[in-house]
Amino acid sequence: MTTGNTGTTPAIQVKGLVKRFGEQVAVDHVDLTVPTGSVFGLLGPNGAGKTTIVRMLSTLLPLDGGSATVTGFDVATQPHAVRRVIGLTGQYAAVDEALSGRENLYLIGRLLDMPVKAARARADELLETFVLTDSAKKLAKTYSGGMRRRLDLAASLVGTPAVLFLDEPTTGLDPHRRSDLWEIVRDLARNGTTVLLTTQYMEEAEALAEDIVVMDKGRIIAKGTAAELKQQVSGRTLQARPTAAADGALLRELFEDALGRAELDGGLVTGPLTEDSQLNLLLNRIAAKHIDLAEITTTTASLDEVFLQLTTTSGDAK
Amino acid sequence: MSVLTAPAPSTDLIRTAAAAKRRVSFRAWARHSGAMIRRNLLSIKADPEELLDVTIFPIVMTVLFTYVFGGAMKGSLPKGTNYLEFLVPGIFTQMLTFGTMSVGVKLSTDFSKGVIDRFRSLPIARSAVLNGHIVASMLRLLLASAITMAVASALGFRVHTALGFFGGLGVLMGLGVGVSWIAVYIGSVAKTPAAVNGIMQLALFPLMFASSIFAPVSSMPSWLQHFVNINPLTTAADSARELMTGSGPAAHDVLITLAWALGFTLIFAPLSIRAYKRRS
């Protein structure tokens, strides 16, 4: 026994991973550690290198540098062993359109060395789970986009993989279908499957993943939980509206003194809040000047704003 | 949801032990290939027009060639041979080599859809996907052969011996498998299914006409004969003729044809598997 998945081995371990396409560096020294049984989010815009990483981890693309293991098996030197423990659902539904839904799943079962009966039973079981029983005998090419996605996901689960790669599983799905799929991913994770999810949507990463890595242009630009990522960008904003519009200019001055920067727009004064103590200070000063406030709020930057800020900064740095 | 349960610790160990074995056993290889053959045959059901080239086409070819060229050819054939006897083994040769084009096109279509990524991420023999295409294609061509034989019989074609007929068909299928590996290789490296089709046609058409498939070599100019005589389609058509109609001793042509088939397979099967693995 050289390697094996003992309890302490992370489900996925990536060190210094590099992939080049000609001149372009698609993945630039990426390190990842995905603990067993977690949902891990790989977040980034198009071209960030997410899909390339998934393709390398699922043995579809050779590595140009670094190393990667899945349940302890090296993707470069033990690809066959890796294939035994993974499931893959790509960006586009990888099903055979000329086969029925049931035949698609049966085919995978047979390719995974299941006996005929077991492969049939597993196919029916999955069709049931993914609400495809009624269309089981119809050709996959007649399926709607959502049905194809479900069939695709079912196909990647035939062998009950220990590690599941989901590459932008909800791109192009309507919101209703998206939340259905999220529920399935949560179920999988609850039952011990490790899921590596790539997505362009912060919302999706936040909804599903405990750990999130933000990528841009082949590099990791931030990592942490959704809450940590929000904090990483000091995105809190203080907004206040004076009861009398005439107080607007004065209020803006107070904001600027206390917060360093302020704007007045349509009667609403806005400034960046970096420390809680600033809030008391500012409120005291406003009271001293006898300005009545109609409303006052603090807002945290939405994750989408965080994401946008992270990816634009990384672009500027170049 | 029990369906979505990840492997329990005990089965996990089994999986790990199995996973540590790198190679696919012969039985697993046969099972994977079988599953892929089944997949390819089932896909015919989804698109029955696919069968046109192996059903209607051989009928049209046989009838057309017999009546269009039959009269013109009479003079240039060896004495005592009628054109039907000469043509039918040629039609079989043409069919079983040209028919392999579809293998390359289908593989290329697989690549252009996502399904090949799924197959490549599964712990199966790398050759199973390719074998599956080749065997399914050969089965299609057997159907075409049966139809051609029926039409030819109706037109008056008689086989010498049943053994000879099946022997001839066997030799042609052997070459068909060899040519299939070339088709699979082109299917693995060419960018689109249309490109595969184009390349195959470009390569096969001259080979088909510059051979003894439709006309006897003796009727061609001598510079062309040099080429025609080393063309594997010539030796294939000649062996089919000799075996099916008893027109002469077959051993020499059969050996050369099978040597070509073996050569094609030995060169292009490893190249194809390599290209299949590396394609991204």
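In chain A, strand β3 (residues 39-43) and strand β8 (residues 194-199) run parallel and are joined by five bridges. Strands pair if DSSP finds at least two bridges between them; strands (E, at least two residues) and helices (H or I, at least four) are DSSP runs, numbered from the N terminus. Opposite Leu43(A) stands Thr199(A) in β8(A).

This is a predicted model, in which local features need pLDDT of at least 70, side-chain atom pairs count only at pLDDT 80 or more, and totals for chains, interfaces and linings use all residues. Residues are numbered from 1 along each chain as its sequence is written, chains are lettered from A and ligands numbered from 1 in the order in which they are written, and side-chain values use heavy atoms, with hydrogens and water left out.

| Strand order (chain A) | Pairing | Edge strands |
|---|---|---|
| β6-β7-β8-β3-β9-β10 | mixed | β6 (86-89), β10 (219-224) |
| β2-β1-β4-β5 | antiparallel | β2 (24-34), β5 (73-74) |

In the six-stranded sheet, β6 and β10 of chain A each have a single partner strand, so one side of each is left without a neighbour in the sheet. The twist there averages 15° from one strand to the next. Helix α1 (residues 50-57) of chain A packs on this sheet, touching β3, β6, β7 (163-167), β8 and β9 (211-216), and its direction makes about 150° with that of β8(A). Contact means heavy atoms within 4.5 Å; axes are lines fitted to C-alpha atoms, for helices over the stretch in contact, and angles run from 0 to 180 degrees between N-to-C directions.

In the four-stranded sheet, seven bridges link β1 (residues 12-21) of chain A to β2(A) in the antiparallel sense, and Ile12(A) stands opposite Val34(A) in β2(A). Helix α1(A) also lies across β1, β2 and β4 (65-70) of chain A, at about 115° to β1(A).
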